[in-house]
Amino acid sequence: MITVTQPLLPPLQEFFPYLEDIWNRKWITNNGFYHTELEKALCEYLKVPYISLFTNGTIPLMIALQKLRITGEVITTPFSFVATTHAIWWNGLTPVFVDVEEETGNLDPTKIEDAITKQTTAIMPVHVYGNPCNTEKIQSIADKYGLKVIYDAAHAFGVEKNGISILNAGDMSTLSFHATKTYNTIEGGAIVCQNKETKKQIDYMKNFGFEGESEVSIPGINGKMDEIRSAYGILNLNYIDEAIGKRKIVVEQYRKELRNIPGIRYMQDLDEVKYNYSYFPIFVNKVKLGTGRDILYEKLKDYGIFSRRYFYPLISSFSPYRNLVSASENNLPIATKLASEVICLPTHHGLEEKEVDMIIDIILKEKK
Ligand SMILES: *Cc1c(COP(=O)(O)O)cnc(C)c1O
């Protein structure tokens with residue numbers, strides 16, 4: 001069986017001393033030693049000024065919106081994991097879906113302005129598959145209309161453009177360290193922000209709003225990361241570059257073998273971007289390939305290869321959101337097309353060359 005991803009697990013033997021140390025310290029959560037260490041290590045690795053750790057990648061989205069006191073409508077992408085829109089809804093806000101670019105799968109900046117109303121106060125784009133959004137264009141629109149920008153950067157761990165982390169774009173960026181992501185702390189996440197005062201407030205917010213022992217200054221929530229997962233995260237940082245390197249080899253093999261196949265498209269790398277190779281989506285054109293996306297997806301399953309159709313269905317077609325005016329397929333033609341064509345092929349650090357060959361062979365057999 002080959003799954004779309006495999007968690008990056010640090011060597012167990014190396015983890016035991018950390019556990020022992022945590023047991024000796026008898027401090028297992030609430031801003032402990034390893035929590036502080038991981039924040040420092042991640043700031044350095046990711047080249048960002050401030051980071052706050054969280055228990056998962058969804059609470060950061062919710063807190064970022066809270067911290068910026070976002071009201072009314074938030075412009076967002078339907079082509080993402082459902083948590084992006086859920087976080088907007090949980091803040092009592094209205095998501096407004098805008099279509100995406102075919103080349104990147106990201107929010108199309110040329111379509112944002114038409115969706116802005118008097119109620120719009122923020123934009124929440126996603127760097128889908130780790131492809132950087134057009135952050136310059138998005139920022140210029142945000143500046144023109146006085147909007148905040150919160151990037152859901154769950155796929156963009158370590159992604160840089162011209163040597164600068166894309167996590168520094170916008171007002172805040174959020175990360176997920178879920179087991180299925182390139183870098184994981186089992187469950188976990190973070191907010192990246194640009195100043196010390198904001199980080200301080202975010203840290204209060206993830207601990208019920210406590211500012212010191214006897215003062216609650218903000219209506220907070222519990223979003224804290226514990227010591228065990230922090231230590232696991234520190235250890236995993238030692239292996240992340242190697243894992244990304246292996247993913248890159250897998251992606252290059254796919255690209256080489258699937259090149260020039262009518263009916264199969266994949267996304268291209270830009271020279272100025274350092275990617276993390278989180279996902280390898282291919283887009284299947286049924287007419288040109290002779291086989292539809294879902295048939296290919298099932299065929300791969302028959303061989304024990306579990307690819308995933310990220311992101312199908314679109315968030316906008318799930319029942320809580322499908323009645324929004326912006327959720328109509330007419331408003332989202334490109335996202336609808338991508339969702340109907342996409343298959344994310346297995347890509348992870350443990351995948352072997354011959355396994356990738358086998359996956360490619362199955363795809364090639366479907367070519368008419
Ligand atoms: C994984 C993911 C999340 C949610 O992260 P969790 O850590 O699972 O809560 C949010 N947005 C996107 C785009 C994701 O892929």
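**Close-up 1. Contacts of Y254.** Beyond its neighbours within four places in sequence, Y254 is in contact (heavy atoms within 4.5 Å) with F280, L345, P346, T347, L351, V356, I359 and I360. This is a predicted model: local features need pLDDT of at least 70, side-chain atom pairs count only at pLDDT 80 or more, and totals for chains, interfaces and linings use all residues. Residues are numbered from 1 along each chain as its sequence is written, and side-chain values use heavy atoms, with hydrogens and water left out.

**Close-up 2. The largest nonpolar core.** This core holds 58 residues. Such a core is a set of buried (under 20% relative accessible area, 1.4 Å probe, protein chains only) Ala, Val, Leu, Ile, Met, Phe, Trp, Tyr and Cys residues joined through side-chain atoms within 4.5 Å. L42, L175, F177, Y254, L258, I282 and L345 touch the most other members. Domain 1 (2–237) and domain 2 (241–366) both contribute, so the core lies between them. The domain bounds come from an automatic or database assignment.

**Close-up 3. The largest cavity.** A cavity is a set of points on a 1 Å grid over the protein atoms alone where a 1.4 Å probe fits but cannot get out; lining residues have an atom within 4 Å of a point. The volume is about 130 Å³, counted as the space filled by probe spheres set on the points, which are joined across faces, edges and corners. Of 13 lining residues, Y129, N131, R255, D269 and Y279 are the closest to its centre.

**Close-up 4. The second largest cavity.** Its space is about 60 Å³. Residues lining the second largest cavity include H155, K181, R247 and Y279. Domain 1 (2–237) and domain 2 (241–366) each supply at least three lining residues.

Terms used: Buried means under 20% relative accessible area, exposed over 50%, partly exposed in between (1.4 Å probe, protein chains only). On a 1 Å grid over the protein atoms alone, a cavity is a set of points where a 1.4 Å probe fits but cannot get out, and a pocket is an open set with protein on both sides within 12 Å along at least five of seven lines; lining residues have an atom within 4 Å of a point.
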